Amino acid sequence: GGGGGGTAAVQVSSSSSLAGHVEAVRRIFARWERGFVSNANFRAELEGLGIAPTAEFERLLTTYGPSRTMPFGKLMYALQAEENDGRRARNHHEVRSSSASA
């Protein structure tokens, strides 16, 4: 055994699609951070995991892409941002009966 890494706990809701992917995302993130992976490849690898890039993620890429100083916690929050907001937005839907003439 032997513990003792200083791994910062990242809050991921268990219902999130990210729940099982934290380590995989962290590995991709580490390579991006060091400049081995481009912004486009970063996005593509996340999509490969089944994680849809959110608008918040795109904004972070724009902000931190040049410097590669993005905090990992911010990335995880961004990838969940739309899930968190989306649930509220999805409940508000109106059904319109439209009569379409063929």
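## Aromatic rings and a nonpolar core

Let's start with helix 1: its twelve residues reach 16 Å from the first C-alpha to the last, close to the 16 Å expected at 1.5 Å a residue. Keep in mind as you explore that this is a predicted model. The buried residues of helix 1 are Val 22, Ala 24, Val 25, Ile 28, Phe 29, Ala 30 and Trp 32. An α-helix has 3.6 residues a turn, so residues three or four places apart point the same way. After helix 1 comes Gly 35, with a positive phi near 90 degrees.

Now for the rings. How many aromatic pairs does a search of the whole structure find? The search finds four. A pair of aromatic rings is described by the distance of the centres and the angle of the planes. Here are two of the pairs:

| Pair | Centre to centre | Angle between planes | Kind |
|---|---|---|---|
| Trp 32 and Phe 42 | 5.0 Å | 25 degrees | stacked |
| Phe 42 and Phe 57 | 5.5 Å | 70 degrees | edge-to-face |

Trp 32 belongs to helix 1 (residues 22-33) and Phe 42 to helix 2 (residues 39-48), so their pair ties together parts that are ten residues apart in sequence.

Ring pairs join Phe 29, Trp 32, Phe 42, Phe 57 and Phe 72 into a cluster.

In soluble globular proteins, nonpolar side chains tend to be buried together. The largest nonpolar core here has 20 residues, and those touching the most other members are Val 25, Trp 32, Phe 42, Phe 57, Met 70, Leu 75 and Leu 79. Helix 1, helix 2, helix 3 and helix 4 (72-91) each supply at least two residues of this core.

Leaving aside neighbours within four places in sequence, Val 25 is in contact with Leu 18, Leu 46, Leu 49, Ile 51, Phe 72, Leu 75, Met 76 and Leu 79. Leu 18 is buried, with a relative accessible area of 0%. Although Leu 18 and Leu 49 are 31 residues apart along the chain, their C-alpha atoms are separated by 9.1 Å.

Definitions and conventions
Residues are numbered from 1 along each chain as its sequence is written. This is a predicted model: local features need pLDDT of at least 70, side-chain atom pairs count only at pLDDT 80 or more; totals for chains, interfaces and linings use all residues. Side-chain values use heavy atoms; hydrogens and water are left out. Rings of Phe, Tyr and Trp (its six-membered ring) pair if their centres lie within 6.5 Å; planes under 30 degrees apart count as stacked, over 60 as edge-to-face and the rest as tilted. Helices (H or I, at least four residues) and strands (E, at least two) are DSSP runs, numbered from the N terminus. Buried means under 20% relative accessible area, exposed over 50%, partly exposed in between (1.4 Å probe, protein chains only). A nonpolar core is a set of buried Ala, Val, Leu, Ile, Met, Phe, Trp, Tyr and Cys residues joined through side-chain atoms within 4.5 Å. Contact means heavy atoms within 4.5 Å. The expected span of a helix is 1.5 Å times one less than its number of residues.
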